[in-house]
Amino acid sequence: MNQKSGQNSLGLDICFEDEANPIVLFKKWFVAAEKSEINDPNAFSLATSTLDGKPSSRMILLKGFDEKGFVFYSNFGSKKGSDLKNNPNASMCFHWKSLKRQIRITGKVSVIDDKEADEYYNSRPYESRIAAWASSQSKVMKDRNEFTKKIEEFEKKYSDKNKTPRPLHWSGWRLNPKEIEFWLQIKNRTHERLNYRKENNSWNQEILYP
C-alpha cells in the first residue's frame, strides 16, 4: 500500500486499502461508521422485486455478517418476505453521510436456520418479541387500536418474559453476496468506486467510472 501518497495500489483513496476480501473491507468501513454515525450505522436500504419485476425498497437494520453473508430479520408475511420467497434476488445499500461512503451489495437470500433465529429473537427486548406476534406486517388494519389490542392479548398469553417463543412466521434472511461495491464521495462528482465480483468462489476487483 502506498502510504505516502494516500492511495492504494489501484490509485484509489487509502480508505479502500489493498484488501482482497471485500467482507474484511466491509468490516473496517462498518467499524468506522459505528464511530461516526449518530443513529443506526447498521441501517440499509433493502431492494426486492416481485417475480414480474415490480421493485420495492425499505430501510431495515443489519443484524450480523460474516463470510457466509449479511443477516436481517422480518415477518415472512411482510411485503419483503413475500418478494423474497418468490424472488430471492436482492440488493442492499448502506450510505454513511458522515464518512461520505456507500456500499452496495447484491446477491441471493436464503432463510437462516431455526437455532440462529431463536438466539437472536431471544436477545430482543420483551416488547419487540411481543410485537412480532401481534403485527400482521404490511397488512391493512382498521385503526391503531386494533394493533394495541393484539399486543395486550399476546402480553397476557406470554406473560412470562423469559418464555416467549419465536413465531414461526418470523425469522431471518441471509444475503449471500455476488457483488460488493465500495463508493467514496469526491468533489466535482469524480467519485471513486471499487467493485468486487465473485467468480468461481473467488473475488475479482474492478474500478468503475463515477
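1. Helices (H or I, at least four residues) and strands (E, at least two) are DSSP runs, numbered from the N terminus. On that basis the protein chain has five helices and nine strands. Read from the N terminus on, the elements run α-β-β-β-β-α-β-β-α-α-α-β-β-β.

2. A note on the basis of the values. This is a predicted model, in which local features need pLDDT of at least 70, side-chain atom pairs count only at pLDDT 80 or more, and totals for chains, interfaces and linings use all residues. Residues are numbered from 1 along each chain as its sequence is written, and side-chain values use heavy atoms, with hydrogens and water left out.

3. Overall dimensions and burial. Taken along the principal axes, the C-alpha atoms of the protein chain fill a box of roughly 65 × 40 × 35 Å. Of the 210 residues in the protein chain, 41% are buried; buried means under 20% relative accessible area, exposed over 50%, and partly exposed in between (1.4 Å probe, protein chains only). Contact means heavy atoms within 4.5 Å. Among contacts in the protein chain with a separation of 6 or more, 59% are between residues 24 or more positions apart.

4. The pair H4 and H5. The axes of helix H4 (residues 126-134) and helix H5 (residues 144-157) come within 9 Å and cross at roughly 115°. Axes here are lines fitted to C-alpha atoms, for helices over the stretch in contact, and angles run from 0 to 180 degrees between N-to-C directions. H4 and H5 are therefore roughly perpendicular to each other; angles under 35 degrees count as roughly parallel, over 145 as roughly antiparallel, 65 to 115 as roughly perpendicular and the rest as oblique. H4 supplies Tyr126, Ile130, Trp133 and Ala134 to the contact, and H5 supplies Phe147, Lys150, Ile151, Phe154 and Glu155. By class, the contact of H4 with H5 has seven nonpolar, no polar and two charged residues. In this scheme Ala, Val, Leu, Ile, Met, Phe, Trp, Tyr, Cys and Pro count as nonpolar, Asp, Glu, Lys and Arg as charged, and the others, Gly among them, as polar.

5. Burial within H4. Tyr126, Arg129, Ile130, Ala132, Trp133 and Ala134 of H4 are buried. The buried residues of H4 pack against helix H3 (114-123), H5 and strand E7 (170-184).

6. Phe70. This residue is found in strand E4 (residues 69-75), and because its relative accessibility is 0%, Phe70 counts as buried. Leaving aside neighbours within four places in sequence, Phe70 is in contact with residues including Ile23, Phe26, Leu62, Met92, Ile105, Trp173 and Ile180. Phe70 and Val109 are 39 residues apart along the chain, and their C-alpha atoms are separated by 9.0 Å.

7. Two asparagines. Asn87 lies in the loop between helix H2 (79-86) and strand E5 (89-96) and is buried, with a relative accessible area of 13%. The side chain of Asn87 reaches the backbone oxygen of Ser49 at 3.4 Å. A polar contact is a pair of N or O atoms within 3.5 Å; within protein, one must be able to donate a hydrogen and the other to accept it, and residues adjacent in sequence count only if both atoms are side-chain atoms. Apart from neighbours within four places in sequence, Asn87 is in contact with Ser49, Thr50 and Leu51. Asn21 is in the segment before helix H1 (22-36). A polar atom of the Asn21 side chain lies 2.9 Å from the backbone nitrogen of Ile23. Not counting residues up to four places away in sequence, Asn21 touches Glu67, Tyr196 and Trp203.

8. Backbone points to check. Most residues other than glycine have a negative phi, and most peptide bonds are trans. Lys100 has a positive phi of about 60° although it is not a glycine. Lys100 is in the loop between E5 and strand E6 (101-111) and, at 44% relative accessibility, counts as partly exposed. With neighbours within four places in sequence left aside, Lys100 is in contact with Trp183, Leu184 and Gln185. Lys100 and Lys115 are 15 residues apart in sequence and 37 Å apart in space, C-alpha to C-alpha. Arg189 likewise has a positive phi of about 60° and is not a glycine. Arg189 is found in the loop between E7 and strand E8 (192-199) and is exposed, with a relative accessible area of 67%.
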